[in-house]
Amino acid sequence: MKKKYDEAYASSFIKGLTRLTGISESKLKKYAAENNLFNVLEHPNIIEPNKQQLEKIHVLNEFISTYKLLKLQEKENKIVLNSSTVAGEYFVSLLGGIKDKEKFMAAFLDSGNNIIETRTLSEGSIGEAVVYPRMILKAALDCDCKSIILAHNHPGGSLNPSIQDRDITEKLVSIFAPLQISVIDHIIVANINYYSMAEKGNIPLPSPKSISYDAVPLSDGKIVGEETMGFNAGTLDKDDLDMDSMYFFEQDGEEEEEWQI
Amino acid sequence: MLQDKTIKQKDYERASQLLGRLFEVDSDITEQISRCIQYNGAEAFFKNLESFYFSADVFEKLDAVRLVLFGMGEEVMPELLTDEIRTQIDSTEGGAEQ
């Protein structure tokens with residue numbers, strides 16, 4: 001019975017895709033006979049579409065991501081990122097369709113992990129975006145968040161974090177730790193898949209030496225293997241921090257002056 | 001049902017603009033789609049597709065998107081159509097068993 005239902009779903013999918021893109025039903029059916037049909041959306045080149053058909057698939061992918069995001073927003077009218085899976089899917093919906101540039105985003109959360117605000121903090125070229133820690137710091141303080149989830153896409157399709165991805169995460173964890181704001185995850189999106197640093201236990205502990213407000217270029221070119229990443233997996237332990245050597249911001253008054261780092 | 005205003009307007013606009021690009025239609029159609037999605041919600045928009053006044057051509061394309069979403073396991077078909085599909089499958093299955 002399940003097989004019949006699967007066939008009905010596949011048949012609908014093929015009919016719709018054919019009508020929208022002009023790719024022939026027979027071509028899609030032939031591919032589906034031996035492969036996972038949904039690969040067609042994720043890796044459209046496998047069915048050798050022409051340029052126009054390829055463009056249509058990209059637009060359709062973007063629409064599907066947006067549709068899922070809207071559904072999520074409408075469901076509860078607030079989005080709770082309470083697990084790496086939900087966070088991963090959320091950012092896939094925002095970054096999954098982007099193939100022509102690298103985009104860096106952050107979701108700022110309250111104490112219940114509800115999203116206060118999600119912001120795009122940098123948009124770069126196909127292989128690189130520059131991230132400004134000061135900008136993220138300002139956004140976080142503006143919305144009085146308790147935690148942050150970082151995310152960016154790899155247009156090149158690699159799910160592995162690069163050296164720069166590790167660096168920016170460590171830097172931001174270290175910048176926010178003295179402010180009692182936790183960077184709880186860094187999601188990397190490639191196509192419609194994601195990698196969660198938290199899920200892999202790769203969120204670094206804060207290190208006073210890592211505090212720097214210099215811009216950090218991200219690139220999906222220089223990949224590091226997990227074994228060489230040097231992350232200290234685990235939870236934040238204040239005893240591990242040399243708090244005295246960290247720079248503390250005043251909570252009240254003269255905020256503008258505090259930005260002169 | 002008008003969706004809560006806190007849902008970002010730009011996400012609705014983005015969705016309808018992407019459909020506009022996919023269908024290669026004029027901006028007035030895109031605006032019409034945007035209004036319908038906003039007032040109904042994304043899922044209900046597709047479920048109630050038959051109730052909107054789109055031209056046959058636009059309806060056919062929206063229906064094609066609905067078929068793709070349905071194929072991906074999204075609940076976008078009206079109850080009637082889903083029941084029809086189930087009945088067809090069940091009767092085929094029953095016939096095969098005899």
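Student: Which residues of helix α6 of chain A are buried?

Tutor: A residue is buried if 20 or more other C-beta atoms, placed from the backbone, lie within 10 Å of its own, exposed if 12 or fewer, and partly exposed in between. Helices are DSSP runs (H or I, at least four residues) and strands likewise (E, at least two), numbered from the N terminus. In α6(A), residues 133-143, the buried ones are P133(A), I136(A), L137(A) and A140(A). Seen down the axis of α6(A), they fall within an arc of 100° (taken from the directions from the helix axis to the C-beta atoms), so they line one face of the helix. After α6(A) comes D144(A), with a positive phi near 55°.

Student: How should I understand the numbering and the origin of the model?

Tutor: Residues are numbered from 1 along each chain as its sequence is written, and chains are lettered from A and ligands numbered from 1 in the order in which they are written. The model is predicted: local features need pLDDT of at least 70, side-chain atom pairs count only at pLDDT 80 or more, and totals for chains, interfaces and linings use all residues.

Student: Where is A198(A) placed, and what does A198(A) touch?

Tutor: A198(A) lies in the loop between β6 (193-196) and β7 (216-219) of chain A. With 18 C-beta neighbours inside 10 Å, A198(A) counts as partly exposed. Two residues are in contact if their C-beta atoms, placed from the backbone, lie within 7 Å. Not counting residues up to four places away in sequence, A198(A) touches S84(A), I184(A), D185(A) and I203(A). I187(A), eleven residues from A198(A) in sequence, is 8.4 Å from A198(A) in space, C-alpha to C-alpha.
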